[in-house]
Amino acid sequence: MIDVADAQKTFTMHLQGGIELPVVRGVTFHVDPGECVVLSGPSGAGKSSILKMIFGNYRCDSGRIGIRHRGALIDLATAEPRQVLNVRRSTIGYVSQFLRAVPRVPTIDVVAEPLIAGGMSRTDAQARAGSLLHRLNIPARLWQLPPATFSGGEQQRVNIARGFISDLPILILDEPTASLDAANRAVVVELIAEKKRQGVAMVAIVHDDEIRHLIADRIVDVTSFAAAA
Amino acid sequence: MGDQMADLDMLESDQPLLVAKSLSKSYGRIAACRDVSFALYPGEVLAIVGESGSGKSTLLQLLSGQLAASGGHVSYRMRDGVTRDLATLGEAERRFLFRTDWGFVHQDPAQGLRMAVSAGANVGERLMAVGWNHYGRIRDTASDWLTRVEIDVARIDDAPRTYSGGMRQRLQIARNLVTEPRLVFMDEPTGGLDVSVQARLLDLLRSLVAELHLAVIIVTHDLAVARLLSHRVMVMKGGRVIETGLTDQVLDDPREPYTQLLVSSILPP
């Protein structure tokens with residue numbers, strides 16, 4: 001589903017006198033359907049950058065980000081913006097650590113939005129959003145409020161619900177359990193297991209060793225991709 | 001079934017709605033806009049960002065045919081599927097396009113509204129311009145649109161000069177969208193508004209754009225507005241497009257020195 005080959009990324013900081021900041025080079029790994037690959041390595045090794053390159057959020061200087069999209073292989077490193085958007089609409093979902101929501105939208109709609117955008121009726125989408133929020137222990141009395149006023153952990157759970165609600169074949173998980181308590185971490189582990197059974201390919205960053213053991217089918221150590229000279 | 005629909009959707013979107021080729025405008029020896037080329041597809045929101053004097057407003061005027069280009073051209077795929085060069089349209093054709101298939105949201109609502117006539121008439125006028133003549137239907141549609149932009153229908157007979165700034169801007173949007181245009185130009189639509197009023201307007205614009213599958217070209221100096229509303233962004237400086245791409249890509253991974261400066265100048269919330 002994901003086939004990254006020899007991808008390279010360097011930041012050029014023009015405001016700091018054009019200093020070059022190599023991030024990663026020679027990034028090569030693949031992810032099969034139904035498998036969760038966890039990226040490991042110390043902070044600053046480029047794990048998050050690799051996730052962002054796979055999502056098309058960071059550009060690659062060279063190499064290939066191969067993604068199976070609607071039955072064909074597409075290289076996100078060279079794709080047009082419209083193609084990247086299409087891939088994000090129907091193939092790759094991203095669960096980030098932080099929720100970036102529009103100020104006034106109620107929680108239930110924040111979560112249901114990806115399904116509505118995919119063509120599902122509002123009622124059905126809200127029903128699915130409700131059951132997912134319920135599983136993640138967000139009480140129904142909060143569903144009509146915008147998540148901006150929620151605690152960090154609640155916001156992250158809303159974000160997880162939004163990320164897990166659709167049936168996309170690829171999910172990118174950027175520390176999905178970072179600020180959750182044990183009960184909610186267990187729910188996320190369960191959700192990931194369900195996605196695996198549905199054949200979803202996942203790439204994740206998780207700092208918690210216990211969670212990593214529970215979800216990882218394979219571990220890719222990114223230290224070998226470190227580009228620092 | 002779902003897949004088929006999506007594919008049809010893609011086929012339709014595979015034809016650009018508007019294409020700009022090597023567009024330039026100079027005033028004497030001063031080049032306000034140099035060699036701008038891009039294609040805009042149905043349902044796509046393109047933000048043009050840059051400081052004052054970067055040429056972004058000139059570009060908007062060129063694209064909407066309000067200003068004659070010194071070089072290059074703009075073509076538009078009309079509702080009948082035929083692509084026309086805007087420069088070859090007659091004045092009447094161009095005005096008809098503006099009243100039907102295009103919208104233009106000005107920063108100052110007073111420029112896009114008739115301030116002394118009722119809100120209902122402001123919205124209804126565009127319908128009459130495309131041949132609607134049944135008073136009851138026009139009024140019903142106008143009330144519908146006031147509701148959609150969150151204006152109390154009880155205010156339908158009041159003139160916009162009695163409205164607040166935020167209400168005026170929402171009324172201008174209703175007036176533009178009532179004829180179901182496919183392309184809307186916006187010039188700093190949240191520019192003169194308080195922050196809280198801005199957030200509400202942005203939220204409204206975002207949902208209307210998605211619901212109506214509108215193509216939008218929006219000029220803004222506010223990168224937060226670009227991030228919230230647009231799919232793609234073009235960064236302008238000195239009349240040139242210096243960087244372009246997916247909005248989150250350009251804002252999170254800016255390449256050009258000027259774009260890095262713009263992005264790093266945003267105050268953290």
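**A close look at chain B**

Let's begin where caution is needed: in this predicted model, residues 1–12 of chain B keep a pLDDT under 50, and the model gives them 2 contacts beyond four places in sequence. Helix α1 (residues 2–13) of chain B has the lowest confidence in the chain, with a mean of 43. Where pLDDT is low, the predicted coordinates should not be read in detail. At the other end of the scale is strand β3 (residues 45–49) of chain B, where confidence is highest, at 97. Taken as a whole, chain B has a mean pLDDT of 90, and 94% of its residues reach 70 or more.

Now for the fold. Chain B is built from 11 helices and 10 strands. Its radius of gyration is 19 Å, which agrees with a compact globule, because 269 residues packed that way would give a value near 18 Å. Along the principal axes, the C-alpha atoms of chain B fill a box of roughly 55 × 55 × 45 Å. Of the 269 residues in chain B, 41% are buried. Among contacts in chain B with a separation of 6 or more, 65% join residues 24 or more positions apart.

Finally, chain B has a neighbour. The contact with chain A takes 19 residues from chain B and 15 residues from chain A. On the chain B side, α8 (195–212), β10 (240–246), α10 (247–252) and α11 (257–264) each supply at least two residues. That side of chain B divides into 6 nonpolar, 6 polar and 7 charged residues. For the model, the scores are ipTM 0.88 and pTM 0.90.

Notes: Residues are numbered from 1 along each chain as its sequence is written. Chains are lettered from A and ligands numbered from 1 in the order in which they are written. This is a predicted model: local features need pLDDT of at least 70, side-chain atom pairs count only at pLDDT 80 or more; totals for chains, interfaces and linings use all residues. pLDDT is the predictor's confidence in each residue, from 0 to 100. Helices (H or I, at least four residues) and strands (E, at least two) are DSSP runs, numbered from the N terminus. Two residues are in contact if their C-beta atoms, placed from the backbone, lie within 7 Å. Ala, Val, Leu, Ile, Met, Phe, Trp, Tyr, Cys and Pro count as nonpolar, Asp, Glu, Lys and Arg as charged, and the others, Gly among them, as polar. The radius of gyration is taken over C-alpha atoms; the globule rule is 2.2 Å times the number of residues to the power 0.38. A residue is buried if 20 or more other C-beta atoms lie within 10 Å of its own, exposed if 12 or fewer, and partly exposed in between; C-beta atoms are placed from the backbone.
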